[in-house]
Amino acid sequence: MNKILIVGGGYAGLYTARGLERQLGDAEAEITIVDPLPYMTYLPFLPEVAAGSIEPRHIVVPLRRHLSRTKVVQAKVTNVDHANKVATIKPELGEERAFEYDVIVMTAGSVSRTFPIAGVADEAIGMKTIEEAAAVRDRLISNFAKAAALPEGPERDRLLTVTVVGGGFAGIETIAELRDFATYLLSRFREIAFEEVSFHLVEAMGRIMPEVSEQTALWVVEDLRKRGVDVHLETQLQGAVDGVVELSTGERFGSDLIIWTAGVMANPVVRATDLPLDDRGRITALATLQVARDGEVVPDAWTAGDVSAVPDKSSTPGPGGFCVPNAQHAVRQAKLLAKNIVAVLRDEAPREYIHANQGAVAGLGLWNGVFQKGKLAIKGPLAWLAHRGYHGLAMPMWERKWRVFGDWWNQFWLGRDFVEISDREQPRVAFETFASRPKPKVDA
């Protein structure tokens with residue numbers, strides 16, 4: 001009986017566990033997956049959640065529902081001593097405990113990468129978790145409601161100003177979806193004019209979306225500008241103290257909603273291991289997805305997804321010759337990873353990961369999108385349909401696909417649902433306000 005420990009329940013962790021369940025018999029392996037969250041999030045749909053197109057719970061996959069033989073432990077891994085094959089696990093309640101294993105799979109994913117810019121840690125929000133996307137949606141709707149009750153002035157302007165930092169796919173899809181959503185909200189908040197709502201995209205490089213051609217990127221920039229988005233290229237965010245955005249161009253403006261999408265980094269859990277890391281903090285690996293130190297395999301250690309530096313052997317390799325951190329690679333690596341683990345356990349040779357690029361597709365709001373594969377570029381409604389078709393089918397598990405397609409179908413006939421329930425973050429406020437309390441005791 002091999003004890004297999006999977007650290008991280010995202011794309012790579014979920015698909016690896018499912019693959020192992022299908023290929024290994026009950027007597028061959030005991031599979032355990034450890035993650036602080038009990039679900040995997042389909043990240044490409046976060047912008048649509050923020051724009052109210054998809055119900056937040058429908059883009060997360062509950063691990064316990066879809067892993068029948070894998071033991072799910074909701075906890076953090078605080079240390080991995082692979083030399084002795086012992087991991088330290090800390091649950092939300094209770095003491096840390098040691099977990100012995102035979103094979104470890106590091107699929108802990110990535111987190112938002114930020115820089116020490118004044119105010120960012122206090123004022124900004126990421127677009128990396130379902131909680132963040134739902135909070136952005138509620139904040140935007142709430143800000144419209146607050147602004148509608150205010151006279152013209154700086155406070156009203158601040159509430160109606162949205163800033164997105166980062167011009168990659170996540171940033172572009174986020175600002176495009178939110179701009180589209182804000183235009184829809186104007187039809188319900190008639191006290192607010194289109195010209196009063198400001199959207200700013202801040203990108204340090206001279207272009208956006210490096211995954212597509214320069215011509216396609218220029219088209220996206222012009223499309224955003226036509227829709228009222230101020231695109232600041234070759235511009236850096238220098239401050240966000242108290243919600244006042246300061247740009248390297250000298251421009252300053254108040255913004256109540258600042259969204260950070262300027263890159264990701266490997267989950268810091270890897271720093272608490274004795275596994276080899278590269279200069280970007282990723283676990284070094286071979287194309288077979290085996291952890292490797294200076295090109296030599298580290299026995300019984302595997303990795304995949306955003307946390308790993310896997311050589312990209314396709315015809316169009318990513319930066320530095322490694323696979324870029326996206327869903328395409330994470331899902332496909334995980335499916336091969338499960339097969340390779342089984343192969344090695346059965347004294348067979350593992351296969352290398354070679355992935356043919358499927359192209360890049362982005363949704364830019366309802367009925368608008370962009371698709372690029374090689375020199376072929378499609379823009380507008382057809383690309384938008386390709387975006388929804390690809391990601392709708394790529395969404396893990398059929399019961400989740402049906403929920404997502406159901407959301408789109410209902411929106412088509414019923415329109416967007418723009419009810420915000422941000423008070424759920426403090427659900428006891430109403431109860432505490434009116435709850436009866438014991439009278440203070442009076443001294444004799």
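Entry 1. I looked up glutamate 246: it forms a salt bridge with arginine 252, with the closest N and O atoms 3.9 Å apart. A salt bridge here is a side-chain nitrogen of Lys or Arg within 4 Å of a carboxyl oxygen of Asp or Glu. Glutamate 246 is partly exposed at 32% relative accessibility, and arginine 252 is exposed at 56%. I use buried for under 20% relative accessible area, exposed for over 50%, and partly exposed for in between (1.4 Å probe, protein chains only).

Entry 2. I noted the basis: this is a predicted model, where local features need pLDDT of at least 70, side-chain atom pairs count only at pLDDT 80 or more, and totals for chains, interfaces and linings use all residues. Residues are numbered from 1 along each chain as its sequence is written, and side-chain values use heavy atoms, with hydrogens and water left out.

Entry 3. I searched the whole structure and found 21 salt bridges. One of them joins lysine 85 and aspartate 300 at 2.5 Å, N to O.

Entry 4. I looked up glutamate 399, which pairs with arginine 400 in a salt bridge, closest N and O atoms 2.8 Å apart. Glutamate 399 is buried at 18%, as is arginine 400 at 7%. Shared partners join Arg65, Glu399, Arg400 and Arg403 into one salt-bridge network.

Entry 5. Which residues have the most contacts inside the largest nonpolar core? I found Ile59 and Phe144, in a core of 92 residues. Such a core is a set of buried Ala, Val, Leu, Ile, Met, Phe, Trp, Tyr and Cys residues joined through side-chain atoms within 4.5 Å. A second, separate core has 23 residues, including Ala87 and Val269.
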